[in-house]
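Hi,

Here is the structure I promised to pass on. Please open it alongside this email and follow along.

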Amino acid sequence: MAPQRAVQLSLKKPTYAVCVVGIETYVDVHSDVPKGAETFRVSGSSGVEVFTVYNTAQVTEPIDKAHWPLDAGVDVIISVDAASKALNDLKVNVSYFGQQKDSALGHSVLYLTGADISLDVDTGRTGKVKRSQGDKKTWCWGPEGYGAVLLVNCDRDSLRSRGMDLANTQLTSLDDLQDMAPMVLSCDGPDELFDSHKLVLNVPLSDSRRVGVFCARGGNSLSDYRQVLGPWHLSYEVERHPGERKISFYVEGLTFPDAHFLGLVSLSVSLVDTKTLPEVPHFTDTVTFRMAPWIMTPNTQSPLELYVCSVVDSHGSNEKFLKDMSDLASKANCKLIVCPWIENRNDRWIQDEMEFGYIEAPHKSFPVVFDSPRNRRLKYFPYKSILGPDFGYVTREIPFAGVSGLDSFGNLDVSPPVTVEGKEYPLGRILIGSSFPKSGGQQMAKVVRDFLKAQQVQAPVELYSDWLYVGHVDEFLSFVPTSDQKGFRLLLASPSACLELFQEKKEEGYGEAAQFDGLKYQAKRSINEMLEDRRLRNDNLHVQECIDWNREVLKRELGLTEQDIVDIPQLFFLKDSYAEAFFPDMVNMVVLGKYLGIPKPFGPIINGSCCLEEKVRSLLEPLGLYCIFIDDYLSYHKLLGEIHCGTNVRRKPFPFKWWHMVP
């Protein structure tokens, strides 16, 4: 450990110094020495450790360790092992000798006061603060890593508050302390020492808008807690009471990692000598936190809550859809939460409005809803109705350019945990839809992409989705959990698989079996007609090329093989050069554990069964999944897509701790 400060001795008068427990102090024995002195001897009283530091190639240790040469670069380092009981109760003596070693030429005396000053946080990531003598200034990833974790205090613990807790400089609920990281200041020493010294907490200007520190002075009631560091307070002179040895603080995060913020913040405490002008800090202890990232959860995580919207428009209510979702949620033992009409204002697309995730520290974890910049009629629902006690909120607004369809969160997904060429992604990788690389087309808003990338733990992958009319990745892919060793499969919409299935059925003699048979408001199309429709075939050749391009990206970026992918039969057609589903998009499903709510495709009926449904069942049910086909095909909005885009699922967090990974 490098010396923290130097103390210069004097032959004429005693020197007085404060020595912090565990911190080495350099004692200057060379600046003021008697004339003719060649060696010196140093000793310390009980409670003081004295070390001599020298180059063994130049200095031979004295036999009696008593007479050290003055001209050979021998340095003296001291430390104390406990706080003093009284001022100046520790002592270091230095005697100087000439050629006659039995008679000293002079003496220097150093009186010490030991002070136990330490700023400690949960560097060991156990959920408890423990005294640390290690490196508290740096933060290290991995299972053997160290460094404290800070939660962004983005929930609202008091129902009387209007905004998030992080906006409050006065505590509004004692429960809010549980969201904050504990920090303990050790401040043991003689009370008289603090008559001439003060303890000052500091936050760098660059971190002051990203972190807040609370402390209770005078009691432990709600009114006793106040913010002592934060955007409006860069330093705080600690109010130490006589005899007080430890003071507790509570630290909150104010902002998530982002493009211009790596997520690290630091706080420090200094022991300052007030007798000097300017005041001199004797010692500074610094701790570093990393802000907990926002983490998405994939379909493979168990469902906790299924969100849907109740709408009533000129065509009636979606009561049947709500009943179907209630039945599905019941099968999956999942709570159903209905957003009422008065809150959604007939905007049913709750998947596009928000995305559920969570934040976690060793001492606490809670869900956080990410509100998209889409901002349609559902725009107030996440903030007004989901934000609450232990349920956080975050959003990113687009500052200048208008919102595009790619900014909706149907265009945001995340894979299960994967390993790619030896590189582990234990929390999966985020998937976002974009234009074809280097085409100059649409992209998800930069503020959203920057936010997702800055979280570091789910490195985003950009896919090509701009070939779709809506442009969302959820229209051609989904992940489902499986009961085998792999644990999941990637489902991809496949025009080729659909055309092959129809060709097979034609060859079996079912060419006149019709798509949309029985639908009142949709013209039937026989298998023969669809296979002979050259435009439909060409449209789907184009779509297949787009999906195949993504297939290769997904295999490369997620480390997948062909055995990890299931092709779900699906046809599309082009509208103004962009693709839409020809029949209800079966990949656009809602996944509740092993129960899959799949849009009913209304495929050709063969031997009393829909051949598309039978094909999908044959692909997925051997994997331990249950396929439940639900009608969301309405006369006034033929391909509603309500099963996935009109639902949203909050899921269990990963058991894996994000700080154990190495990004």
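This is a predicted model: local features need pLDDT of at least 70, side-chain atom pairs count only at pLDDT 80 or more; totals for chains, interfaces and linings use all residues.

**The annotated site**

Start with the UniProt record. Its entry is unreviewed, and under "active site" it lists Asp352, His472, Asp474 and Cys645. These residues are spread over 294 residues of sequence, yet they cluster in space. The largest C-alpha distance among them is 10.3 Å. Of these residues, Asp474 is included in the lining of the largest cavity.

I looked at two of them in detail. Asp352 is in helix α4, residues 350-353. Its relative accessible area is 9%. The cut-off for buried is under 20%, so Asp352 counts as buried. Setting aside neighbours within four places in sequence, Asp352 contacts Ser372, Arg374, Ser408, Phe409, Gly410, His472 and Cys645.

Cys645 is in helix α11, residues 642-645. Cys645 is buried too, with a relative accessible area of 11%. Leaving out residues up to four places away in sequence, Cys645 touches Arg348, Trp349, Ile350, Gln351, Asp352, Asp474 and Asn588.

**Strand β24**

Next, look at β24, residues 354-361. Eight of its eight residues are buried, so the strand is largely enclosed by the rest of the structure. In a regular strand, side chains alternate between the two faces of the sheet. Here Met354, Phe356, Tyr358 and Glu360 point one way. Glu355, Gly357, Ile359 and Ala361 point the other way.

What does β24 pair with? Strand β19 (residues 295-296) runs antiparallel to β24 and is joined to it by two bridges. There, Ile295 has Tyr358 as its bridge partner. Strand β25 (residues 364-371) is also antiparallel to β24, with eight bridges between them. Ser365 of β25 is the bridge partner of Glu360. A hairpin of two residues links β24 to β25.

**The cores**

Nonpolar side chains tend to be buried together in soluble globular proteins. The largest nonpolar core here has 88 residues. Which of them touch the most other members? They are Met183, Phe249, Leu267, Phe289, Leu452 and Trp658. β24 supplies the largest share of this core, five residues. Another core, of 63 residues, lies apart from it and includes Ala513, Leu536, Phe582 and Phe602.

Phe249 is worth a click. Not counting residues up to four places away in sequence, its contacts include Ala181, Met183, Leu201, Phe214, Tyr236 and Val238.

Best wishes

Note on methods: Residues are numbered from 1 along each chain as its sequence is written. Side-chain values use heavy atoms; hydrogens and water are left out. Buried means under 20% relative accessible area, exposed over 50%, partly exposed in between (1.4 Å probe, protein chains only). Helices (H or I, at least four residues) and strands (E, at least two) are DSSP runs, numbered from the N terminus. Two strands pair if DSSP finds at least two bridges between them. A nonpolar core is a set of buried Ala, Val, Leu, Ile, Met, Phe, Trp, Tyr and Cys residues joined through side-chain atoms within 4.5 Å. Contact means heavy atoms within 4.5 Å. UniProt positions are given in the numbering used here, feature names are shortened, and annotations may be inferred rather than shown by experiment. On a 1 Å grid over the protein atoms alone, a cavity is a set of points where a 1.4 Å probe fits but cannot get out, and a pocket is an open set with protein on both sides within 12 Å along at least five of seven lines; lining residues have an atom within 4 Å of a point.
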